[in-house]
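Could you take a student through this model by question and answer? Please keep it friendly and spell out the cut-offs.

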Amino acid sequence: MKPAPFGYADPRTLAEALEVLGREGEGAKVLAGGQSLLPLLSMRLAAPTTLVDINRVAGLDSIESGPDGVRVGALVRHARLLDDAAAAGVQPLLARATASVAHPAIRNRGTTVGSIAHADPSGEMTAVLALTGGSVTVATPAGRSAVGWQDFFVGPLETSVHGPAVVVDAFFPALAQRSGTAFAELSRRRGDYAVCGAGAVVTLDADRRVSAARTAYISVGLVPQVHDLTEAVAGRPVDTVDWAAAGALARTLVDPDTDLHASADYRRLLVGVLTERTLAAAALEATGRTP
Amino acid sequence: MRNRAMGQVDQERTVSAVVNGTPREFTVPARRLLSDALRHDLGLTGTHVGCEHGVCGACTVLLDGVPVRSCLVLAVQVQGAAVTTVEGLARSDHQGGEVLHPVQEAFRECHALQCGFCTPGFLMTIAAGLEARDPAQPVTDDEVEDMVGGNLCRCTGYANIKKAVHHAAATIREATR
Amino acid sequence: MTTKLFGEPVRRREDGRLITGRGRYLDDIGHDALAVAFVRSPHAHARVTDIDVDAALDVEGLVAVYTYEDLLGPMAEPLPVLIPHPQLTAPRTGYPLVRDVVHHMGEAVVMVVATDRYVAEDACDRITVSYEQLPVVVGVDAAREARHAVHEDVPDNVAARHHQETGDVEAALAASAHTLAFTQYIERSACMPMEGKGVHAAWDPADSSLRVYTSTQASTSVRAAIAAKLQLSLEKVEVVAPDVGGGFGVKIVHPWPEELLVPMAAIALQRPVKWTEDRREHFISSAHERQQRQEIRVGYDDDGRLTALDVRIWHDNGAYTPYGIIVPIVTATQLVGPYVVPTYRVRVDSVYTNTVIVTPYRGAGRPQGCYAMERTMDRIAQERGLDRAEVRARNLIQPDQFPYDHHLTFQDGRPVIYDSGDYPGLLDKLTALVGWSGVEERRAEATARGKLLGIGMAMYVEGTGPGPYEGGHVQVLGSGKVLVSTGLTSQGQGHETAFAQIVAHELGVPIEDVEVTTGDTRRFGYAVGTFASRAAVMSGNAIALAARGVKEKALRIAGEALEVDPSDLEIDEGLVQVKGTPGISIPLRTVAVLSNPLRYAFDEAAKQATQFAGPGDDSKPPVAAGDAPGLEHVDYYSPVRSTFASGAHAAVVEIDTLTWEIDVVQYAVVHDCGTIVNPMIVEGQVHGGVAQGVGGALYERMAYDADGQLQNASFMDFLMPYASEVPDIDIDHQQTPSPLNPLGLKGAGEAGVIPGTAAIASAIEDATGRRIAAMPISPTELYDLVRDDAAGRVAPRRTGAMA
């Protein structure tokens, strides 16, 4: 289990990185945290001709939290995002989901944006990007453009980004007023990829009635999807709402797969359970944020 | 790093890094894993390789003070960085001997190792974990489980490893009192 | 008085090097060695039609490529059948490199030697092997159906039919007041030590000798195998087990193909050569264990007492049988456990499948046997409406029944005669430790939290310390240092510490003066190996006997020097002294000097032993007839039969009724391994075993698909427990010393793992009321079970005060 040979470049600027990626062509791959890529290299399941290590590219390591949302640079490690109080204040889902990413040593090195760009449907942050209605900024030699999450995720481990390009940041919109979030996942062993995970956002109206309830799941389906469950709970006062109805609805909306660790049926069961749990928790938070 | 042409692609690099407090320079192919460079290029065989896919934690070292899996880092990436391995965990007593880190002492005291293969990874992870917390506060069971939860051990069943973390935390708390 | 050491939790002497990164494991040796990688079969069953290595030849750094065609003499023959048995009628073993047909995914087809492992893998990538695929057999059921054959010349896939019986079981069943019959399954796991296998070989052309380091549990036997296969004289081969990063059984198998191929290449290339197994290789080309189908028929009386037991087992032995039928025999004979079984018949068909070989993994067939017997006890309890503990109590062998003869033949070819034990004592301690009688209150409390709580127990008797023998060498040097060596190897069990405790205790020396070496054929050439919980029993006793021999000689020499009767002397803290008379003494190190009459002095101490040093008895030779120079002794311990340790475990599980997650919330162990040398080490062994037991019950499984592809050959998908998955363990001890050996020891290494699957299955069944007849079980499987109306339900549970 040793990587096949490759060339290595560690550019200092984004322009330089894009230039190398363009020059090296199809076989070139961007290396950020490497926590998903390196196992693939060692198992020789991936054999890029060139790795373009962006860890020394200036200006990609900031977390910018503002009233509109949180912009997370490509070199921000999970561990840093987890500890960023300002980011958690603007969009609480970030810290909540990041806490479920693998184990601390992986979070110390792996990047949030890298895990999104890896587009693994069992990656926590793909679901969070979707659920928050986020986007990524893709830099190409032609310039930068924002790509919404719907347009970004194409399939498992596949995004719409091709050719010389670097995902330079991910933007997670702020949590709306009178809203709350929750995140939960079940895994066989603590720290494993989830058998099933769920993130939830609940928004109340001024009378503390549910006005919106949305969820997104991990390890369920080929690409992240957001499910609007509002119809099952809309208009109910938050303290009497039957979240099980939302769970039941969610179960009918998802199309999970069977793998070594769980059957599709079992995943569907968990979708119901986690939907109920996370919506209830999110509603509780929303209540606290509703004057 | 030396001056190099913009975006130069290399098959091999000469890397300078501070390893266990000592500046070291080594030339490696780009694909060399940090775990292999430490073990085979620098002769620091205390870092062990258990899975080479980042799950077992045996190869955990500190990169600029933070625990990382050395099988998930390329050796060329540590240019200019500080790397600490298990060989650098004890400190010198300035009389030719060494003073063990409290977590090393605790592992011996609590029988927290059997075959010893996973041990360096645990030691580095726990040492950093204890370093990162307020030593005045007693360590909780949850904290301990978090700290050791990403490392596999096949011998001990973890009971004594968890005990050793409590033991080391208590030692550190006493020392800082 | 010497500090008491025997029986104390002495801190381990191994740890100093292991916690500072100074351990020396296989891959830490020989950084300049050439590296080996293998092209391994991607298919489970296929004929090799062509091997094209041309594209690899221009890889820079490639040194050599070997295929079967390059193997000469004995190397071209099949690997040995290590443990032949008359009932192993169709033994099959592979070749060091595949000759024509691959029988499991992962078999080595081509060996590549290169300047480093990266380059070796590059070359492997460029070698093209062409295969003609053959039908694949996976799982015991497919093997016994035998629609396809794993080995062309074994059409029924049966390697062995093992059969033992103690009476007419059909008649006994017919005469039984009650009978029941059921079928159950247990799946594959694996030892999975954190360090894989590895071999380093260096040939010294100056004296035509070979030194091999290998991560093994049996260095002396590897040495013999290498000498035989490479046609070397035994004294030209040295084999050393360095620090070994865990074994659990997989490293007792030998010679692994690599243990022969790497030395072969080192000799051919006249350069040191090393192979370090990577994790994927370990999954697909080492060994697994545990899959069985068990069909059980049992007869019992109104009180739930056994009258007859008939067990039919199909045991998956994988593609080859290098380790014979040890695992089936162990299952067959250990199944009876602590119980009186008036009439017993067991038949095990050991069958071939196109999967990795099955050889002992900690427990080595015992977990399966325990699973069969203990689940039988649970069924009888349910059928009779009795408490599960009570049914067990009624069937236990009583303390006054020892030695107890089961009239079976054990894995060492010796009778299964239990030497000592107190099984009712174990059960009493267990029910107290786990709070068996208070479980209904806990169940109610858990129900209120939305959890199903269940409790289960399992008891076992474990034959440990089988022969044929081990030896020990103890030598006192003139410096006072005491060298101890034994041939068997260590993989983390703390032998250096336990053996040092024994020697310090027996000889009366400070433990700091004792240095222990294991598994190094340069130091001790005769040994069997480390398996079957035998190291403490076998080498511990051999070393004790050797130390006693040294002591006897030391007292004799000191008696002469001090002019006192040796029987008036004692040794304490390294000083030989007259009992009760302080002041008349001689240091043991001086006795060591005197034991070796010298002509030449090389230091001050040696002067005392030279020929003009003092008056001697001119009428006697300096070394008496029958005596030997030096203060040392070699002795061997060879038991008449195995000694039988025992124990009882209980597990309490909580099951989430929404997610069907299974949480082991309490785990209790009562353990009896006779006299204990070091309780800290014994508890550590129990902890580790229990973790593997929990892993085997709830997490670990080798997932082969129908094509024989191992789908989870990584730590990502083969779920070994992390700290978060292992419960806290409460341990109580009982000590019934073995009357068979001088120290009263019984083995402790494997015990912890044996009852895990049985106890946890019982607890899940108790919690859910659903029949658990296949283990391991995961939440997704439990969910399938609880919503399957056709699945078996068990009678209302009864757990409470013992009747």
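This is a predicted model: local features need pLDDT of at least 70, side-chain atom pairs count only at pLDDT 80 or more; totals for chains, interfaces and linings use all residues.

Residues are numbered from 1 along each chain as its sequence is written, and chains are lettered from A and ligands numbered from 1 in the order in which they are written.

Student: What radius of gyration does chain C have, and why does it agree with a compact globule?

Tutor: The radius is taken over C-alpha atoms, and the globule rule is 2.2 Å times the number of residues to the power 0.38. For 803 residues a compact globule would come near 28 Å, so the value for chain C agrees with the rule: 28 Å.

Student: What percentage of the residues of chain C count as buried?

Tutor: A residue is buried if 20 or more other C-beta atoms, placed from the backbone, lie within 10 Å of its own. The C-alpha trace of chain C spans about 95 × 75 × 50 Å along its principal axes. Of the 803 residues of chain C, the buried part is 61%.

Student: How many helices and strands are there in chain C?

Tutor: Both are DSSP runs numbered from the N terminus: helices are H or I with at least four residues, strands are E with at least two. Chain C has 19 helices and 29 strands.

Student: Which strand gives the largest share of the side of chain B that touches chain A?

Tutor: Two residues are in contact if their C-beta atoms, placed from the backbone, lie within 7 Å. By that rule, 27 residues of chain B meet 29 residues of chain A. The largest share of chain B's side, four residues, comes from strand 4 (residues 66-69) of chain B.

Student: At what angle do helix 4 and helix 5 of chain B cross?

Tutor: Axes are lines fitted to C-alpha atoms over the stretch in contact, with angles from 0 to 180 degrees between N-to-C directions. B:Val144 and B:Met147 of helix 4 are among the contact residues, as are B:Ile161 and B:Val165 of helix 5. The axes of helix 4 (residues 141-148) and helix 5 (residues 159-176) of chain B come within 10 Å, and the crossing angle is roughly 115°.

Student: Which UniProt domain annotation covers residues 1-177 of chain A?

Tutor: Over that span, chain A is 34% helix and 25% strand, with end C-alpha atoms 50 Å apart. UniProt annotations may be inferred rather than shown by experiment. The unreviewed entry names this domain "FAD-binding PCMH-type".

Methods. A residue is buried if 20 or more other C-beta atoms lie within 10 Å of its own, exposed if 12 or fewer, and partly exposed in between; C-beta atoms are placed from the backbone.
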